[in-house]
Amino acid sequence: MFQHPGDSNISKFQVSEFILMGFPGIHTWQHWLSLPLALLYFLALTANILILIIINQEATLHQPMYYFLGVLAVVDMGLGTNIMPKILAILWFNAKAISLPECFVQMYAIHCFMGMESGIFVCMAIDRYVAICKPLHYPAIITESFVVKATVLMALRNTLTTIPVPVLAAQRHYCSQNQIEHCLCSHHGVISLSCDDRTINSIYQLFLAWALMGSDMALIFLSYVLILHSVLKLNSPEAASKALSTCTSHFILILFFYTVVIVISITHSEAITLPLVPVLLNVLQNTIPPALNPMVYALKNKELRQGLHKFLKLNTKGN
């Protein structure tokens, strides 16, 4: 069949960059959001660096549970640093352009860090399960070697399984629109601009969500059911209270993390009349957990609080 040369040129045309428009519907005053977002990012960096310093300096915190918390702190800083500089550049300097390779790299990093966060929550749930349900075997099972192996396994799992996400997105043709109604390169926002069939992208994204997040949620849920069952069998109310207290902070953070993930999935799959909602949730999902995680653990954990007081006291004396 004869095709007009002009049609061929249009079909082969590829945009050279994307334009991140920011928060849909509030472009005229979205710069006011920069202050709370910048404060959240600064708080996340400061709190997580402080957690790492305290764990490193306090010998009593050189335990698997705190090592996992240290890994979580590193992941949280990566999660925030991956998106916040670009978001603040959009809001402060109107620097909305982002090249395709940069966009796909950011997309990959978002998936990696989110998967890693979920994976570390699983490791921490297993740690608490063994500590409460099999306390006599805890020193033999949850060792420093276990922490290293579990962390490496989660890192490999997330870096390898998420590679197809940006690779498949890069294979799409972006030949007309290049404005993304978002302030970060979300998978849904980017591939919705493609001119060709994106079924494979959607299928793999769904598979990834169920294979990684779904399995993680199932393991965490199972761990907490077994923990609760074990705690209810304890004869001492004091022992039961102490056991549950060590898990409360972990459960609060997990509940927030997965609730936002599920809500974002629903808002992307349904026709939403307010496009601001999924975008705002997406940004908050990458900014609130990094700031919230260290604060909740510091408030709920006695050893961490003592380490923080000691660190602040030493620095006050030094000054």
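Analyst: Happy to! For helix packing, an axis is a line fitted to C-alpha atoms over the stretch in contact, and angles run from 0 to 180 degrees between N-to-C directions. Please keep in mind that this is a predicted model.

With that in hand, look at helix α3 (residues 64–93) and helix α4 (residues 100–133): they pack at an angle of about 160 degrees, and their axes lie 10 Å apart. Angles over 145 degrees count as roughly antiparallel, so α3 is roughly antiparallel to α4. The contact between α3 and α4 brings together 18 nonpolar, three polar and five charged residues. As for handedness, α3 and α4 make a left-handed crossing.

Now follow α4 itself. Its 34 residues should span 50 Å at 1.5 Å a residue, and the end C-alpha atoms are 49 Å apart, which agrees. Of those 34 residues, 25 are buried, so α4 is largely enclosed by the rest of the structure.

Between α3 and β2 (97–99) there is a loop, and N94 sits in it. The phi of N94 is near 60 degrees, a positive value in a residue other than glycine. Is N94 buried or exposed? With a relative accessible area of 53%, N94 is exposed, since the cut-off for exposed is over 50%.

Among the buried residues of α9 are L212, M213 and D216.

Definitions and conventions:
Residues are numbered from 1 along each chain as its sequence is written. This is a predicted model: local features need pLDDT of at least 70, side-chain atom pairs count only at pLDDT 80 or more; totals for chains, interfaces and linings use all residues. Side-chain values use heavy atoms; hydrogens and water are left out. Helices (H or I, at least four residues) and strands (E, at least two) are DSSP runs, numbered from the N terminus. Angles under 35 degrees count as roughly parallel, over 145 as roughly antiparallel, 65 to 115 as roughly perpendicular and the rest as oblique. A crossing is left-handed if the near helix is turned anticlockwise from the far one by less than a right angle, and right-handed if clockwise. Ala, Val, Leu, Ile, Met, Phe, Trp, Tyr, Cys and Pro count as nonpolar, Asp, Glu, Lys and Arg as charged, and the others, Gly among them, as polar. Buried means under 20% relative accessible area, exposed over 50%, partly exposed in between (1.4 Å probe, protein chains only). The expected span of a helix is 1.5 Å times one less than its number of residues.
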